Amino acid sequence: NLKGREPQGTVEPGEEYDRTLDEFERDLGQLIDPLTGQGAIKAVYRTKDLFGGDPPETLPDLFAEWREADHWVERVVHPRAEICQEKTEFHRGTDHSPHGFVAAAGPDVTARGDLGDICPLDLVPTYLSHLDIEPTNLPGKPIAGMGRRAKAGP
């Protein structure tokens, strides 16, 4: 609850905000999967570190990447608490690939070709180029072969 962002914010921006995030990171790092004895969290990312700037207005302040598990993680334990969840009817493992894919079609899209690795930050500038909007102040650039301004040549 950040003051100035949430209606009933209690945490001051700046040092208090950073200390609060430090505490959350420490707590997440103490979550243990009791079946393996390993930490349940693989990594924690701060949104403002990932995207730069001030505390986010709409995104979460932290992202937690859970450690892959070969079993249903029914509970995780912390020195001061325990978190439990019921097993869902459908369960798939946590061994998802971190890679995705983008499919596009249209007169300005290169036909049936692998464009290679694409940076997710390039997607918005690419979509804007289809709308004839010049992207400004964005970290990415239109993807070659996927848009009007992204086409190679004159």
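A salt bridge, as I use the term here, is a side-chain nitrogen of Lys or Arg within 4 Å of a carboxyl oxygen of Asp or Glu.

Before going on, the ground rules. This is a predicted model, in which local features need pLDDT of at least 70 and side-chain atom pairs count only at pLDDT 80 or more, while totals for chains, interfaces and linings use all residues. Residues are numbered from 1 along each chain as its sequence is written, and side-chain values use heavy atoms, with hydrogens and water left out.

Now the overall layout. The chain has three helices and four strands, and from the N terminus on they run α-β-α-β-β-β-α. Helices here are DSSP runs of H or I with at least four residues, strands are runs of E with at least two, and both are numbered from the N terminus.

Of the 154 residues in the chain, 23% are buried. Buried means under 20% relative accessible area, exposed means over 50%, and partly exposed is in between, with a 1.4 Å probe and protein chains only. The chain exposes about 11,700 Å², and carbon and sulfur atoms supply 52% of that. Those areas come from the Shrake-Rupley method with a 1.4 Å probe; for residues, only the protein chains shown count as cover. As for contacts, meaning heavy atoms within 4.5 Å, take those in the chain with a separation of 6 or more: residues 24 or more positions apart account for 40% of them.

Arg 46 and Glu 25 meet through their side chains in a salt bridge, at 2.4 Å from N to O. This pair links distant parts of the chain, since Arg 46 is in strand β1 (residues 41-46) and Glu 25 is in helix α1, 21 residues apart. Glu 25, at 25%, counts as partly exposed.

The whole structure has 12 salt bridges. Another is formed by the side chains of Asp 122 and Lys 141, at 3.9 Å from N to O. Asp 122 lies in the loop between β4 and α3 and Lys 141 in the segment after α3, so this pair ties together parts that are 19 residues apart in sequence. Asp 122 is buried, with a relative accessible area of 11%, whereas Lys 141 is exposed, at 54%.

Next, the hairpin. Strand β3 (residues 75-78) and strand β4 (residues 81-84) run antiparallel and are joined by four bridges; two strands pair if DSSP finds at least two bridges between them. Two residues sit between β3 and β4 in this hairpin. Val 76 has Ile 83 in β4 as its bridge partner. There is a salt bridge to mention here too, between the side chains of Glu 82 and Arg 75, at 2.6 Å from N to O. Glu 82 is partly exposed, with a relative accessible area of 44%, and Arg 75 is partly exposed at 33%.

On cysteines: how many disulfides are there? The count is zero, where a disulfide is a pair of cysteine sulfur atoms within 2.5 Å. Cys 84 is exposed, at 51% relative accessibility, and Cys 119 is partly exposed, at 35%.

Now the surface. Tyr 45, Leu 50, Phe 51, Leu 59, Phe 63 and Leu 121 form a nonpolar patch, with about 550 Å² of accessible area together. Patches are made of residues with over 30% relative accessible area and no salt bridge; like charges are joined within 9 Å, and nonpolar side chains (Val, Leu, Ile, Met, Phe, Trp, Tyr) within 5 Å. One member, Phe 51, is found in helix α2 (residues 47-51) and is exposed, with a relative accessible area of 53%.

Last, two single residues. Asn 1 is placed in the segment before α1 (15-29) and counts as exposed at 54% relative accessibility. Leaving out residues up to four places away in sequence, Asn 1 touches Glu 6, Gln 8, Gly 9, Thr 10 and Val 11. The C-alpha atoms of Asn 1 and Tyr 17 are separated by 9.4 Å, and the two are 16 residues apart along the chain.

Asp 132 lies in the segment after α3 (123-130). Its phi is near 55 degrees, a positive value in a residue other than glycine. Asp 132 counts as partly exposed, at 49% relative accessibility.
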